[in-house]
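Student: I would like to go through a predicted model feature by feature. Please give the general idea each time, then the case at hand.

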Amino acid sequence: MKSSKIFLKGMRDGLPIALGYFAVAFSLGITARNAGINALQGFIMSMLNNASAGEYAAIAAIRGNVPYLEMAVLIFITNARYILMSCALSQKLSADLPWYHRLLIGFDITDEQFGIAINHPFPLPPQYLYGSYILTIPGWAGGTAIGIIAGNLLPPIVVTALSAAIYGMFIAVIVPPARKSRTIMVIVIVSFAASGLFSLIPAAASISESLRIIILTVVISAAAAIIRPLKEEESV
């Protein structure tokens with residue numbers, strides 16, 4: 001198949017993802033606006049960090065005025081799963097694919113991009129993902145910027161209502177796997193309980209929000225991996 005046709009196929013498969021990204025990023029833009037981020041800053045942030053959880057963590061860090069190093073560690077931990085996705089996806093690439101193509105592909109490996117790419121026949125041509133990226137990246141960044149602009153124009157009561165939409169998105173992400181796996185359900189419940197407990201204990205409440213996220217993420221995920229490791233047959 002010609003590179004142009006592969007590119008167009010990537011655009012076609014990426015269009016539904018881009019539309020979904022726009023809707024989620026719009027809600028994220030409302031949250032960013034409440035943290036004092038303007039539309040240009042939000043657009044650039046989303047262009048460089050195409051990840052809902054990672055970007056929400058970054059906004060929380062900005063709102064909390066945390067040090068740059070703490071923010072970098074927080075975003076790294078939040079987005080760590082993409083390292084595993086990139087390693088898995090590298091097995092779909094041709095062995096002689098130049099390094100710069102690998103860097104460009106790795107720039108925007110998200111859950112959805114990984115989903116369509118991993119199902120593509122071997123070898124995975126870079127043009128396929130580039131075609132998807134040309135829609136999904138602007139969809140995400142544009143949604144954030146427009147959300148910020150809308151937050152500045154809409155009445156405060158509407159902005160407050162829209163601010164809750166991002167939490168609805170996260171609930172929609174965790175509920176389906178939690179219903180299928182008792183282990184995941186327990187982890188979710190423990191995470192909610194631990195987060196609430198941290199905000200009530202005076203010594204823990206004095207810790208910045210971003211540092212609490214780092215601590216809880218590392219401790220709970222490590223404990224879950226030790227107590228209930230994934231069996232080999234489950235990982236297939």
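Student: In what order do the elements of the chain run from the N terminus on?

Tutor: Elements are DSSP runs, numbered from the N terminus: helices are H or I with at least four residues, strands are E with at least two. Here the order from the N terminus is α-α-α-α-α-α-α-α-α-α-α-α-α, that is, 13 helices and zero strands. Residue numbers start from 1 along each chain as its sequence is written. The model is predicted, so local features need pLDDT of at least 70 and side-chain atom pairs count only at pLDDT 80 or more, while totals for chains, interfaces and linings use all residues, and side-chain values use heavy atoms, with hydrogens and water left out.

Student: How many of the residues count as buried, as a percentage?

Tutor: Buried means under 20% relative accessible area, exposed means over 50%, and partly exposed lies in between (1.4 Å probe, protein chains only). Of the 236 residues of this chain, 38% count as buried.

Student: Which residues of helix 2 are buried?

Tutor: Gly-42, Met-45 and Ser-46 are the buried residues of helix 2. They lie on the same side of helix 2, because they cover an arc of only 95° around the axis; the arc is that of the directions from the helix axis to the C-beta atoms. Leu-40 and Leu-48 are exposed on the other side of helix 2. Leu-40, with helix 2 spanning residues 39–48, has a relative accessible area of 59%.

Student: Which residues form the nonpolar patch on the surface?

Tutor: Patches are made of residues with over 30% relative accessible area and no salt bridge; like charges are joined within 9 Å, and nonpolar side chains (Val, Leu, Ile, Met, Phe, Trp, Tyr) within 5 Å. The nonpolar patch here consists of Leu-40, Phe-43, Ile-44, Leu-48 and Phe-107, with about 530 Å² of accessible area together. Accessible areas come from the Shrake-Rupley method with a 1.4 Å probe, and for residues only the protein chains shown count as cover.

Student: How many salt bridges does the structure hold?

Tutor: Side chains of opposite charge can pair when their charged atoms come close. The criterion is a side-chain nitrogen of Lys or Arg within 4 Å of a carboxyl oxygen of Asp or Glu. The structure holds two salt bridges. In one, Asp-13 pairs with Lys-9, the closest N and O atoms being 3.2 Å apart; in the other, Asp-13 pairs with Arg-12 at 3.6 Å between the closest N and O atoms.

Student: Why are Asp-13 and Lys-9 separated by about one helical turn?

Tutor: Because they are four residues apart in helix 1 (residues 3–34). As for accessibility, Lys-9 is partly exposed at 28%, whereas Arg-12 is exposed at 56%.

Student: How does the span of helix 11 agree with what it should be?

Tutor: The expected span is 1.5 Å times one less than the number of residues. The 19 residues of helix 11 (residues 182–200) should span 27 Å, and its end C-alpha atoms are 27 Å apart, which agrees. The buried residues of helix 11 are Val-188, Ala-194 and Phe-198. Their arc around the axis is only 135°, which puts them on the same side of helix 11. The face turned away from that buried side carries the exposed residues Arg-182, Ile-189, Phe-192 and Leu-200.

Student: What is the phi of Asn-65?

Tutor: Most residues other than glycine have a negative phi. Asn-65 has a positive phi of about 55° although it is not a glycine. Asn-65 is in the loop between helix 3 (52–63) and helix 4 (68–78), and counts as exposed at 68% relative accessibility.

Student: Where does Ile-37 lie, and is it buried or exposed?

Tutor: Ile-37 lies in the loop between helix 1 and helix 2 and is buried, with a relative accessible area of 7%. Its C-alpha atom is separated by 7.8 Å from that of Ile-148, 111 residues apart along the chain.
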